[in-house]
Amino acid sequence: MDDSLGMEQAVRLHQALERASIPHRRLWVRYLGLGGSADELEVGAYLHRCLELPPRERDLLAWAANTLLDRRYHPRVPTSADLLRPASARERTA
């Protein structure tokens with residue numbers, strides 16, 4: 001994966017799922033419900049940084065994860081737009 005933004009999202013998503021003990025399949029089912037189009041194998045490959053996904057699909061995965069995470073204990077997974085904001089703006093919204 002040579003898309004640094006996509007890699008950053010994949011790493012942060014994978015870390016969040018691991019910390020919260022959320023199985024990849026549960027994420028994938030929620031993602032499909034939100035309109036995602038990648039299959040389960042593609043999502044797994046993305047989470048392990050073996051496959052790039054378009055920004056829309058990455059953002060749907062972030063959205064799906066954020067609906068599964070308990071905000072009291074786990075930070076939210078950033079979308080593409082979150083990562084494109086300057087660091088100072090991200091700190092104000094975190």
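Histidine 14 counts as buried, at 18% relative accessibility. Buried means under 20% relative accessible area, exposed means over 50%, and partly exposed lies in between (1.4 Å probe, protein chains only). Histidine 14 is found in helix 1. Helices are DSSP runs of H or I with at least four residues, strands are runs of E with at least two, and both are numbered from the N terminus. Leaving aside neighbours within four places in sequence, histidine 14 is in contact with His24, Leu47 and His48. Contact means heavy atoms within 4.5 Å.

The model is predicted: local features need pLDDT of at least 70, side-chain atom pairs count only at pLDDT 80 or more, and totals for chains, interfaces and linings use all residues. Residues are numbered from 1 along each chain as its sequence is written, and side-chain values use heavy atoms, with hydrogens and water left out.

The protein chain has six helices and zero strands. From the N terminus on, its elements run α-α-α-α-α-α. Of the 94 residues in the chain, buried residues make up 39%. Contacts between residues at least 6 apart in sequence were also examined; 59% of them join residues at least 24 apart. The chain exposes about 5600 Å², and carbon and sulfur atoms supply 53% of that area. Accessible areas come from the Shrake-Rupley method with a 1.4 Å probe; for residues, only the protein chains shown count as cover.

The largest nonpolar core has 21 residues. Such a core is a set of buried Ala, Val, Leu, Ile, Met, Phe, Trp, Tyr and Cys residues joined through side-chain atoms within 4.5 Å. Leu13, Leu27, Tyr31, Val43 and Leu61 have the most contacts inside the core. Helix 1, helix 2, helix 3 and helix 4 each supply at least two of its residues. Helix 4 gives the most, with six residues. Leucine 61 is in contact with Leu13, Leu27, Tyr31, Val43, Tyr46 and Leu53, leaving aside its neighbours within four places in sequence.

Helix 4 has 14 residues. From its first C-alpha to its last it reaches 20 Å, close to the 20 Å expected at 1.5 Å a residue. The expected span is 1.5 Å times one less than the number of residues. The buried residues of helix 4 are Glu57, Arg58, Leu60, Leu61, Ala62, Ala64, Ala65, Asn66 and Leu68. Their cover includes helix 1, helix 2 (24-33), helix 3 (40-47) and helix 5 (80-84).

Side chains of opposite charge can pair when their charged atoms come close. The structure holds six salt bridges. A salt bridge is a side-chain nitrogen of Lys or Arg within 4 Å of a carboxyl oxygen of Asp or Glu. Aspartate 3 lies in the segment before helix 1 (4-20) and arginine 58 in helix 4 (residues 55-68), so the pair ties together parts that are 55 residues apart in sequence. Aspartate 3 is partly exposed, at 25% relative accessibility. Arginine 58 is buried, with a relative accessible area of 4%.

Arg76, Asp82 and Arg85 are linked in a network of salt bridges. The side chains of arginine 76 and aspartate 82 meet at 2.7 Å, N to O. Aspartate 82 also pairs with arginine 85, at 3.2 Å, N to O. Aspartate 82 is buried, at 9% relative accessibility. Arginine 76 is partly exposed, with a relative accessible area of 43%, and arginine 85 is partly exposed at 32%.
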